[in-house]
Amino acid sequence: MSTTKLIVPEKKRITRRSALKLAGAGAASMFAGPGFVRYAQAQSSEPIRIGFQVHKTGIGAAYGKWYGQTTDAAVKLINEAGGITGRPVEIIAEDDATDPGRGAEVVEKFATQHKCDVAFGTLFSHVVMGSAPRAGELKLPYYVVSEGHHVASGKLNRYTFQPGITDVRSQVISMAPWIAKNLGKKVTMIFPDFAFGYDHRDYFSAAIKAQGGDVNALIPIPPTETTFSRYFAQIPADTEVIYHVMVGPAVLTFVKELGEFYGGSHPPLFGFIDSLESVSLKSPGLEFLEGSYFWEAYPRYAGAKPTEFDTFYRGKVGVDQYGASVSDANDVSTYSHMFGCWETLYIIKQAMEAAGYKGPDDRAKLIEATEAITTIPEGNEHPQGDKIFNGKIHQVFGHQNITQVKGGVGELVYRTTIEEGMYEPEADYTKMAL
Amino acid sequence: MTARIVLLHGAMILALFVAQFVVSDYAVLTITRIMVLAIYATGYNILFGYAGLLSLGHAMFFATGLYAAALGVTRLGLAAPEALLFALVCGIVVSFIIGLIALRATGVAFMIVTLMFSQAAFLTILYFGDITRGDEGIVIKDDQRVFSLLGTPMNLADPVLRYNIALAFLAVAIVLCLIVVRSKIGHVLVAIRENENRTAMLGYDVKRYKLIAFVLSGSFAAFAGAAYALLFAYAGSTLASIQYSINPLLWTLLGGAATVLGPVLGTAMMFLLVDFASSFTSASLLFVGVVLILLVLFFPKGILGTIRQRWWRWLP
Amino acid sequence: MAGLRPGHPFPSCTASLLAFFPHLLLALLEGTVAAAVLALSALGLSLVFGVMRVVNVAHGEFFMLGAMLAWWVAKMVPGGPAMGFVAALIVAPLLVGALAFVTERLLLRRIKYDPEATIVATIGLMFVIQQLALSVFGADAKAVSAPFTYRIALPWFGFSGYKLFVVVASIFILLAVWWVLAKTKWGLVMRVTQFDRETATAFGIPVNQVYSAVFVAGAALVAVAAVLIVPIQQAHYLMGLDPLLMSFIVVIIGGLGSIKGSVIAAVIIGLADGVISMFFSPTLASIIATLAVALVLVFRPQGLFGVEPR
C-alpha cells in the first residue's frame, strides 16, 4: 500500500542495500592498510578445503609420512601469506592404506562428506588408477603427485592432473642420452615384474635404441621376491651398464646380494632413487653402491652451491643438506617425490586465483585455468626447478638429475634440459566434456 | 518359510531402499559399496557357515568376475549387462572346475589348497600383465558403462542408479541364500558340517552337496566381482590378493556365520569401523584389531549368531 | 649369451654347457638357504599348530617383531654388529615370548581355543601388532648388519658366508628341538598332549599349562629365527605376511604334528623353487610351484608325514 504523503525522492531514499554498502565501505576503510586489503576483498573467510589423500599405512607409508610433512609446511606458508584468494587453506587428510579400493572410497568421502573443493596427493600408480575414475564421476578436481604415466597417457579423465611432478616416461627417456654417452651402450635392465617396471622396460628400451644402444638382457623380478642372487647369474658377461629400478623393502637385500655376487669388479650401476627413498645411502650393506649412479628428481644432497630456493624449501620442510630430518639424521626423507606436494599446492593456488575460484560451482573454470598454465618458473614455490606444463595431457615436464654416490652421498653429475624429457602427447583431455 | 522370516528379511531390504532418501550422499556411496561386497560375503557364508568349509581362496572367484566383466567391456565390446552375465558364467565354470579338484582335500588341507589356487590365480593375473595391466589395473571408461535396458538409456556413473542396482542384486542374493538354506540342500549342508561321516552313512552323496555349495559360493563371489568392476569402473590385481580372501571370512565371522543376514551386517560393520576409526586416528588398523578381539571375546558367534543363540532361535 | 663374470676364461663353444653348472650351483646354494629359512620360520608354527591345533594368524607378526627387535637392539647395544646379534638372540625371544604368554592367557584361553574364534582373534592381534610396529618403528625398511661379513669368492660368483652360517645354525636348532621333543620329559608331555588331549588330562597332565608353554616356546623360536634371518633380508612392518603363508604351507605339506615332515617339506620347497626358476620365468615358476603344493595336498591331505589326531 503506498503512502503518498511519505513519498520521498528516490535518490534520497536510504534503502537497506545502500545502508549496508555505506557501512561496508566504512568498515573497509577502517581496515585499509597493506595487509588487510585482501581480507576486505574476500568473498567470505570460509576456508578452501583441500582433501589430502595420503598413504598413512600400507606399503606407501614411508612416503605418506613425508608427503604429510611437506604438505603441512607448504600450507602453513600459503596461509601466512594470506591463503588462496584471501581465504585460508584447510587440509583434510585421509588414509587410503595404499589400496585402490580404499582410495576410491576416500575420494567419495572428500567429495560428499567433507565437501572439499579439490583433492590431491595420491602417489602409488595403482591407487591413482583406482581412485581417479571416481574423482571424474564426482567432478572433483584431482591433483595427483604420482610420477606415473597414467595421467599423460589419456587413460584417466579431464578432472585429474599431475602438475607438480614429472612422469616416469619422461624421467626414463631423459636418462638414455647421458647413459649412452658416459657409461655404455649395452644395457642390462633389472626391473620389477609389474606395471611400474614395464614402463621402465618399454620406454628405456626405445630410448636407448634411439641413441644407438641396445638392451642386451631384460631381467624381470616378481614383486614378491625376497632373494635375488639367482637373477644376477643372467647378466651377460659383456654388459656395459646395469640399469636397476627395484622398489619395495627388499631393495636393501637386492643391493647387498649384488655386492656379494660381484665382489670388487662389476659393470657400472645406474639406478633410480625410487629404490632408496627414505633409506640412508650409508645403511649397512649398501657400501656396494659407492661410485654408482642414480636418477634423482630432486637431489637429496644439496651440494656445495644450492640455490636460495632449495635452502628456503629445506628450512621450511625441516630437512638438512643431506635430505634427512633436522631432528634425526637417520630419518631420511623421500626427497625426490615430496616436493611434488609443495609444488602441486602452489599450482592449485595459482589456478584458483587465475580462475577467480569462489566455490564448487567454479570447478569447470578451475579445470580450464589449470589447463592454461604453461611455463612455471623456478622459485620458492617451485624449488625443484622450472617446468613446462602441457595442458592437453595434464602433465608437467621438468629437469631430471643424475648423481653419483661418493662417500655415501649423491653428488650431482648432470642436470637434463626439460626438452630431453619431452615426448609426443598421446591424448588431449581438453577435447573432453566437463 | 515362516512369516517372521519373510518379514524380517523383507524389512531389511525395504530399510535399505528407504535409506537412500534419508542418509547423506556419502553414505549412499558407501552403502552401495557395502551392498556389493555383502553379496560376496553372503556367498562365502554358504560354504563356510553352512557347509563348514573354510576357504582361504575366494578372492580368485571374485577376481574371475572382476576381470571377466572388465575385460568383457573394454576388450570384447560387451555392454554392461552382457558383461555381467558373461562374468557369472565364467564364475560358475571356474568354481566348478576348482571345486572338483579342491574338494578332494579336507580340513586344513582344503584351506591351504584354496589358498594356493588363489595365489596361483593372483600370479596368473600378473603374468598376463600385458592384458590385465597387473596391479595398475584396468579403468573402465564412462562411455563403456552406458547401456540401454528395455529402451531406456542408463549410465552406471549415476549414484542413484548404482545404489538401486546394487540393492536389487543384494536382494536377489539374500532371497537365493534363504531359499538354499531353508531347502533340503541347506539342511544337508548343515548336517555335513556337524558330522560328515554320519551324513554319508545316511546315504547322502556328500561330495555332490559340497560341490553344489562350492559352486554357489564361487558364483556369488564372481557376480559380486563383476558388479564391483562395472559399478566402480576399476579392476586391479590388488582386489585379487589374499586380503580379499580374508575379508569375506572376517565379515562373515563378525556378523555371524551360518546366518543369512550375518555377512551383510558384518560387511557394514567393518566399513563403519574403519571409517569411524580413521576420523579420529591415523592408527585405524589398531582400533579395528582391538574391536575384533573384543568382539571375539564377548560375541564369539558373531553378532547375529549371538542374537540367535540367546533370543531369536528362529533366525535362519 | 649368458655368462657370469666378465672375462670368463672358457671358449664360447663350451660356454653354454659350462655356464649351466655355475647356474645350478648357485640355484642349489640359494635353495639350501631358502630351505633353512623356511624350516626355521615354520618350526615354531609346527609346534603350536601340531600340539594345540590353533591357527595363529599373528605368527608372521611374531616373526616381524623378532626382526624389528633385532634391529632395535643392534642400534642400542654398543660394540658392533656381533654384540648386537648376541644381545638380540636373548632379548627378542624373551620379549616376543612374553607377548605370546599374555596373548595365550588373556585371549586364547578365554575363547577356549575355538578354531573360528581363534582365527578372528589372531587376525585382530595381527592388525594391532602391525599398527604398533608402524607407530613405534616407522614405515621404512631397516637394514640389520650380519654379525660377521665374509664373502666366499667362487670362480663364477661370490656368496655370503653368513648365509651358510644360517644354514648351519638352523640345522643345530632343529636338532636341539628334536632332541627336546624326543628325549626329554617335556617333549614327552607335549607329544602326549598332541596325540590325545583327553587321555593326557586323565593322566594328570596340566594340559592348559602345556598349551601355554608350547605357545610361548613357538613364539620364542620364531623370534630366534627372525634374528638369524633378518641380516639376510631387512626388517619392515609388513614383512610378516610372507613367513606366515610359507610357514603354513610347510607345516601342512610336511604333515601336522611332524617336525621331521616340516623340515623335509622346507627342503623340497626351498630347493625346488630355486631350480625350477632356472628354467622358467620367475612368475611362471611361482605359479607352477603354487599349483604343485595344491596338488600334493589334494592327493595326500595329511601331508607327507601327517599324524592324525584322535
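**Where chains A and B meet**

I began with the contact between two of the chains in this predicted model. I found 25 residues of chain B in contact with 25 residues of chain A. Next I asked myself which helices of chain B each supply at least two residues of the side that touches chain A. They are helix H2 (25–50) and helix H13 (284–298) of chain B. H2(B) gives the largest share of that side, five residues. I then sorted the residues of this side of chain B by kind, and they divide into ten nonpolar, ten polar and five charged.

**Chain A as a whole**

I turned to chain A and noted its 13 helices and 17 strands. How much of chain A counts as buried? I wrote down 55% of its 434 residues. I also looked at how far along the chain the contacts reach. Among the contacts in chain A with a separation of 6 or more, 70% are between residues 24 or more positions apart.

**A parallel pair in chain A**

I picked out strand E6 (residues 186–192) and strand E7 (residues 214–221) of chain A, which pair in the parallel sense over seven bridges.

**A three-stranded sheet in chain A**

Then I followed an open sheet of three strands in chain A, with the order E13-E14-E15 and antiparallel pairing. Why is one side of E13 and of E15 left without a neighbour in the sheet? Strand E13 (375–376) and strand E15 (395–398) of chain A stand at the edges with a single partner strand each, so each has one side without a neighbour in the sheet. E13(A) pairs with strand E14 (residues 387–390) of chain A in the antiparallel sense, over two bridges. In that pair I marked A:Thr375, whose bridge partner in E14(A) is A:Ile388.

Last, I checked the confidence values. For the complex, the predictor gives an ipTM of 0.82 and a pTM of 0.84. Chain C has a mean pLDDT of 83, with 93% of its residues at 70 or more. Which stretch of chain C has a pLDDT below 50? I found residues 1–15 there, and this stretch has 26 contacts in the model beyond near neighbours in sequence.

Notes: Residues numbered from 1 in each chain as written. Chains lettered and ligands numbered in written order. Predicted model: local features only at pLDDT ≥ 70, side-chain atom pairs only at ≥ 80, totals over all residues. Contact = placed C-beta atoms within 7 Å. Helix = DSSP H or I, 4+ residues; strand = E, 2+ residues; numbered from the N terminus. Nonpolar A, V, L, I, M, F, W, Y, C, P; charged D, E, K, R; others polar. Pairing = 2+ DSSP bridges. pLDDT = per-residue confidence, 0-100. Buried ≥ 20, exposed ≤ 12 C-beta atoms within 10 Å, placed from the backbone.
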